[in-house]
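In these entries I record what I looked up in the structure shown below.

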Amino acid sequence: MYLYQLAIGDWWNDLKDTFTLNFIDDDRYMLLVKGLGNTFLVTLGATILGILLGVIVALVRSTYDKTALGMRPGAGKVVLSLLNKIASLYLTVIRGTPVLVQLMIAYFVIFVSIAQHKTIVAIIAFGINSGAYVAEIIRSGIMSIDPGQFEAGRSLGFNYAQTMLYIIIPQALKNVLPALANEFIVLIKETSVSCYIGLHDLTKGGEIIRSRTYTAFMPLLAVALIYLVIVMFFTRLVNILERRLRNSER
Amino acid sequence: MSADPIISVNKLKKYYNRGAIKALDGVSLDISKGEVVVIIGPSGSGKSTLLRSLNLLEIPTSGSILFEGNDITSRGTDINKLRQKMGMVFQHFNLFPHLTIMDNMTLGPRKLLGIPRAEAEENARRLLAKVALEDRAGAYPSQLSGGQKQRIAIVRALAMKPDVLLFDEPTSALDPEMVGEVLDVMKDLAREGMTMVVVTHEMGFAREVGHRIIFMDEGRKIAEGTPEEIFEHTENERLKTFLAKVL
């Protein structure tokens with residue numbers, strides 16, 4: 001009995017010691033806090049860039065799908081099909097290669113001149129990557145709107161762009177808002193690969209601690225736990241959002 | 001009724017699949033100001049295609065459509081400007097579900113005609129009162145019945161102060177007990193002198209309100225005349241067969 005208590009006590013004391021070593025000594029928890037800040041910064045920046053790119057690409061693609069067949073031959077049609085080709089190429093390349101490879105190409109090849117701004121490079125790389133997925137989400141939203149809505153807008157006298165802006169896009173965005181929020185959640189986790197370019201994000205924060213204390217268990221578990229809590233929090237928010245959106249339609 | 005037609009359709013053709021399907025096969029038609037023209041015919045006869053061509057929702061293969069003297073099928077025409085003068089009411093209402101009734105009715109006048117919000121809303125309220133729905137201004141389309149939606153769709157079109165109203169089977173998607181309330185609104189409009197082109201299966205309405213009935217089949221205009229001529233004294237065999245089925 002006494003031995004058993006001793007064993008438990010030892011284990012508990014060990015745990016306390018490694019915890020202190022990994023997080024309290026030298027204020028090492030700050031490495032995680034700083035990393036978390038960068039993770040949020042990159043995710044948020046990439047989300048905004050991704051939505052901007054995604055909306056543009058989705059508009060090009062759905063405009064082409066909806067109107068190219070009925071268009072009269074001319075400069076407008078040439079420009080539109082060229083834009084559509086570029087958009088398709090972008091989607092194929094970005095969705096056909098791993099995000100880590102894209103990030104490294106961005107960092108080591110394209111943006112060498114601003115390589116000291118790792119956060120900016122990461123935002124651009126993840127933004128371009130996310131844009132491809134967002135584009136397809138928004139395009140599916142646009143295509144899901146009843147064609148009658150489009151005709152009603154046009155019949156009032158709105159041109160194509162106005163009909164999109166006032167009538168189609170607001171409905172499409174509302175329909176795909178949960179999917180967009182999920183893309184944001186996926187992005188939070190995906191940015192963890194940015195420690196490959198040495199960006200001090202949450203994962204890297206754990207890695208720094210591990211390299212200083214030579215213990216893997218505590219820092220990695222802490223990193224995993226923080227990701228999990230964040231993702232669970234945002235997933236809950238998305239669920240609430242989804243319920244609200246459903247109710248507003250009734 | 002003035003002599004000059006407000007809409008003049010000349011030899012309109014609409015082919016699909018390189019002419020394999022002839023939705024419209026050379027239709028000519030004049031519509032005068034203040035006239036109520038009702039287009040009837042079996043489904044697939046091209047009556048909806050004809051109506052939708054009038055504001056270029058369908059792009060005809062050949063032929064011309066003059067609206068207030070402008071050829072709407074020609075390249076130089078600003079179709080968006082002309083559509084502001086041609087209201088359209090759809091079978092499935094097509095109200096904007098993300099906007100309130102008030103916003104549905106004021107979006108066009110505010111953004112396209114540049115009417116200030118207060119004035120547009122006052123105008124909308126007057127129109128809502130006309131269809132006895134002034135208390136639903138703040139509601140969303142999903143909160144209305146089918147008949148109410150269609151009445152809103154009509155006044156939404158009216159809010160643009162159009163010269164012509166096009167109706168594409170406005171009562172076909174309604175429950176039978178709601179057909180009357182929509183037809184009543186249309187009758188009032190006809191009485192006020194609105195120029196209307198109506199595609200419908202409501203023969204009672206055609207007979208009572210129509211100034212002129214056009215019977216279409218297989219993309220052609222088969223018969224044309226006053227309700228009396230069409231419904232009482234026709235010699236046309238195809239029209240007789242059609243009427244025997246629907247009356």
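**Entry 1: A glycine in a helix**

I began with Gly146(B), which lies in helix α5 (residues 146-158) of chain B. I took helices as DSSP runs of H or I with at least four residues and strands as runs of E with at least two, both numbered from the N terminus. The model is a predicted one, in which local features need pLDDT of at least 70 and side-chain atom pairs count only at pLDDT 80 or more, while totals for chains, interfaces and linings use all residues. Residues are numbered from 1 along each chain as its sequence is written, chains are lettered from A and ligands numbered from 1 in the order in which they are written, and side-chain values use heavy atoms, with hydrogens and water left out.

I then asked which residues Gly146(B) is in contact with, leaving aside its neighbours within four places in sequence. They are Phe93(B), Leu174(B) and Met178(B), where contact means heavy atoms within 4.5 Å. For Gly146(B) and Met178(B) I noted a C-alpha separation of 7.2 Å, although the two are 32 residues apart along the chain.

**Entry 2: The two chains**

I looked up the elements of each chain. Chain A has nine helices and zero strands, whereas chain B has nine helices and ten strands. The radius of gyration of chain B is 18 Å, close to the 18 Å of the globule rule for 247 residues, so chain B is as compact as a globular protein of that length. This radius is taken over C-alpha atoms, and the rule is 2.2 Å times the number of residues to the power 0.38. The C-alpha atoms of chain B fill a box of roughly 55 × 45 × 40 Å along the principal axes.

For chain A I found a radius of gyration of 24 Å, while a compact globule of 250 residues would have one near 18 Å. The C-alpha trace of chain A spans about 90 × 50 × 25 Å along its principal axes.

**Entry 3: A four-stranded sheet in chain B**

In what order do the strands of the open sheet of four strands in chain B stand? I read the order as β2-β1-β4-β5, with antiparallel pairing. The edge strands are β2 (21-32) and β5 of chain B, each pairing on one side only. Two strands count as paired if DSSP finds at least two bridges between them. In general, the strands of a sheet pair through backbone hydrogen bonds, either parallel or antiparallel.

Strand β1 (residues 5-16) and strand β4 (residues 62-67) of chain B are joined by five bridges in the antiparallel sense. I found Lys13(B) opposite Ser62(B) in β4(B) and Val9(B) opposite Ile65(B) in β4(B). β4(B) also pairs with strand β5 (residues 70-71) of chain B, antiparallel and over two bridges, and here Leu66(B) stands opposite Asp71(B). The hairpin of β4(B) and β5(B) has two residues between the strands, and Glu68(B) takes a positive phi near 50°.

**Entry 4: A second hairpin**

Strands β9 (residues 212-217) and β10 (residues 220-225) of chain B pair in the antiparallel sense over five bridges. The bridge partner of Ile214(B) in β10(B) is Glu224(B). I counted two residues between β9(B) and β10(B) in this hairpin, and Glu218(B) in the turn has a positive phi of about 50°.

**Entry 5: Salt bridges and the interface**

I applied the salt-bridge rule, a side-chain nitrogen of Lys or Arg within 4 Å of a carboxyl oxygen of Asp or Glu, and the count over all chains is 21. Arg125(B) and Glu121(B) form one of them, with their closest N and O atoms 3.8 Å apart. Because they are four residues apart in helix α4 (residues 117-130) of chain B, about one helical turn separates them.

How many residues of chain A are in contact with chain B? I found 21, against 23 residues of chain B. The two chains bury about 2000 Å² between them, 57% of it on carbon and sulfur atoms; buried area is the accessible area (1.4 Å probe) that two parts lose on being put together, summed over both. The rule finds one salt bridge across this interface, and in it Arg52(B) meets Glu151(A) at 2.7 Å, N to O. The elements that give two or more residues to the side of chain A touching chain B are α6 (147-156) and α7 (160-190) of chain A. The largest share, eight residues, comes from α6(A).
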